Amino acid sequence: MDTDLIITLVAGLLIAVGVAGIVVPVLPGSILILLAFLGWAIGVSSGAGWWSFAFGALFALTGLSASAVLTGRKLKQRQIPNRSVLIGLAAGIAGMFFIPVVGLIVGFAGGLLLSEYARQRSFPAAASSSWAALKATGLGMLVELGLALAAGTAWIIGVWIHFATR
């Protein structure tokens, strides 16, 4: 089997796992995509590989930063502390082990709500701020996912060009 083909298959698998890592935040999605692009560009050592890396890195880094900026800005506007989000994340990770398939989401939402209730001592206020945090997190993930898919598209185009011009 051709070395370029093996490197391409491994990079494609890592990019797919990276995209899944954006939806399931236990995996470092955009960072994994970026590393897969770099490994593929180094492995195939072609102009198409490096151009693909440049565009893919641009999309992945933009998605990573946009997710952080959008989520962080909304949380700051609502004065939701990072502690509440970290407690929600820890509860989400624990929820994955107790409730198959939906445990991450249920655990994150429940942990966030309980943390906000402990902070505000009012259920309506805690529910409102938790809902805002969930929407902000979802929007950030959606933007990052869209840009990760754009990076994947840049990789596919790079693969086509690389193998067509060898």
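1. Basis of the model. Residues are numbered from 1 along each chain as its sequence is written, and side-chain values use heavy atoms, without hydrogens and water. As the model is a predicted one, local features need pLDDT of at least 70 and side-chain atom pairs count only at pLDDT 80 or more, whereas totals for chains, interfaces and linings use all residues.

2. Confidence. The predictor's confidence in each residue is given as pLDDT, on a scale from 0 to 100. The protein chain averages 91, and 99% of the residues score at least 70. Where pLDDT is low, predicted coordinates should not be read in detail.

3. Overall architecture. The protein chain has 6 helices and 0 strands. These elements are DSSP runs numbered from the N terminus (helices: H or I, at least four residues; strands: E, at least two). The C-alpha atoms fill a box of roughly 65 × 35 × 15 Å along the principal axes.

4. Surface and burial. Of the 166 residues, 36% count as buried (buried is under 20% relative accessible area, exposed over 50%, partly exposed in between; 1.4 Å probe, protein chains only).

5. Helix 5. This helix (residues 103–120) has 18 residues and spans 25 Å from its first C-alpha to its last, close to the 26 Å expected; the expected span is 1.5 Å times one less than the number of residues. Its buried residues are G103, L104, G107, F108, G111, L112, S115 and E116. Their cover includes helix 4 and helix 6 (123–164). After helix 5 comes R121, which has a positive phi near 60 degrees.

6. S130. This residue lies in helix 6 and is buried, with a relative accessible area of 4%. Leaving aside neighbours within four places in sequence, S130 is in contact (heavy atoms within 4.5 Å) with L112, L113 and E116.
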